[in-house]
Amino acid sequence: MTEAAGAGKSTDKVSAGNESSGDEVRVRLDAQQLARAQQRLTGRVALASFGRLAAECRSADGIEWSLTGSVDAEGACWLTLAVAADVVMQCQRCLGDVQIDVHSESRFRLVFAGEAWGDEDLDDDSFEALELDGPLDLAALVEDEVLLALPAVPLHQQCEAPAIAGVNEQETTSAKPSPFAVLGQLKRN
């Protein structure tokens, strides 16, 4: 077993072809070393491992993730993170469960603290800058990507609003007089 990308503690195994596989996402790793070695880490982790994500979702089969490092011709270090999950959220219209397929792939250019960042790089929306001033928290990065891929308002394609318990719809419209009926009477007088 080899430590993955210089991480202090990892249960991921590095195999031939610079690929790693495992469930351990709770590592802090040297992102620059991972990129320069052009390594690939993959894994599957339970929803319960992520506090913020577990608060948004009712359940999930698990989150699959893949982190690939690379270096371009100019020597810039890059990370590509892909996440995939099937999560269950609460439909905001009918309040029932709605299955959401999450698939996201993001590309990050590693920017080190104090490194100059050109204006032309700011105009390019094909990647995000990821400023590093220490080890990369892989779990936080994976959780952030899944959260950003979730819909702001999860809804079924077709559903109805829930009925109010014990109240008939006709009763609610006919039983209550309009609060403005009194104003109408005052106007007539």
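**Exercise 1. Pairing of the strands**

Task: Determine which residue of β6 stands opposite Ala60, and describe how β6 pairs with β5 and with β7.

Solution.

Step 1. Ala60 has Val87 of β6 opposite it. Strands here are DSSP runs of E of at least two residues, and helices are runs of H or I of at least four residues, both numbered from the N terminus. The model is predicted: local features need pLDDT of at least 70 and side-chain atom pairs count only at pLDDT 80 or more, while totals for chains, interfaces and linings use all residues. Residues are numbered from 1 along each chain as its sequence is written, and side-chain values use heavy atoms, with hydrogens and water left out.

Step 2. Strand β5 covers residues 59-71 and pairs with β6 in the antiparallel sense over 11 bridges. Two strands count as paired if DSSP finds at least two bridges between them.

Step 3. The hairpin of β5 and β6 has 5 residues between the strands, and Gly75 in this hairpin takes a positive phi near 90°.

Step 4. Strands β6 and β7 also run antiparallel, joined by 13 bridges. In this pairing, Ala82 is opposite Glu105 in β7.

Step 5. The hairpin of β6 and β7 has 6 residues between the strands, with Leu95 in the turn. Leu95 has a positive phi of about 70° although it is not a glycine. With a relative accessibility of 45%, Leu95 counts as partly exposed; buried means under 20% relative accessible area, exposed over 50%, and partly exposed in between (1.4 Å probe, protein chains only).

**Exercise 2. The surroundings of Ser104**

Task: State whether Ser104 is buried or exposed, and identify the residues that it contacts.

Solution.

Step 1. Ser104 is located in strand β7. Its relative accessible area is 18%, so Ser104 is buried.

Step 2. A contact means heavy atoms within 4.5 Å. Apart from neighbours within four places in sequence, Ser104 contacts Leu81, Ala82, Val83, Glu145 and Ala149.

Step 3. The side chains of Ser104 and Glu145 are joined by a polar contact of 3.5 Å. Such a contact is a pair of N or O atoms within 3.5 Å; within protein, one must be able to donate a hydrogen and the other to accept it, and residues adjacent in sequence count only if both atoms are side-chain atoms.

Step 4. Ser104 and Ala84 are 20 residues apart in sequence, with 6.6 Å from C-alpha to C-alpha.

**Exercise 3. Salt bridges**

Task: State how many salt bridges the whole structure holds, and explain why the pair Arg28 and Asp137 ties together parts of the chain.

Solution.

Step 1. Side chains of opposite charge can pair when their charged atoms come close. A salt bridge is a side-chain nitrogen of Lys or Arg within 4 Å of a carboxyl oxygen of Asp or Glu. The whole structure has 5 salt bridges.

Step 2. In the salt bridge of Arg28 with Asp137, the closest N and O atoms are 3.7 Å apart. Arg28 belongs to strand β3 (residues 28-29) and Asp137 to strand β9 (residues 136-137), so the pair ties together parts that are 109 residues apart in sequence.

Step 3. Arg44 and Glu64 meet through their side chains in a salt bridge of 2.7 Å, N to O. This pair links distant parts of the chain, with Arg44 in strand β4 and Glu64 in strand β5, 20 residues apart.

Step 4. A salt bridge of 2.2 Å, N to O, forms between the side chains of Asp97 and Arg58. Because Asp97 lies in strand β7 and Arg58 in the loop between α2 (51-56) and β5, the pair ties together parts that are 39 residues apart in sequence.

Step 5. Arg52, Glu143 and Asp144 are linked in a network of salt bridges. Glu143 lies in helix α4 (residues 138-149) and is buried, with a relative accessible area of 8%.

**Exercise 4. The chain as a whole**

Task: State how many helices and strands the chain has, and what share of its residues is buried.

Solution.

Step 1. The chain has 6 helices and 9 strands.

Step 2. Of the 189 residues in the chain, 32% are buried.
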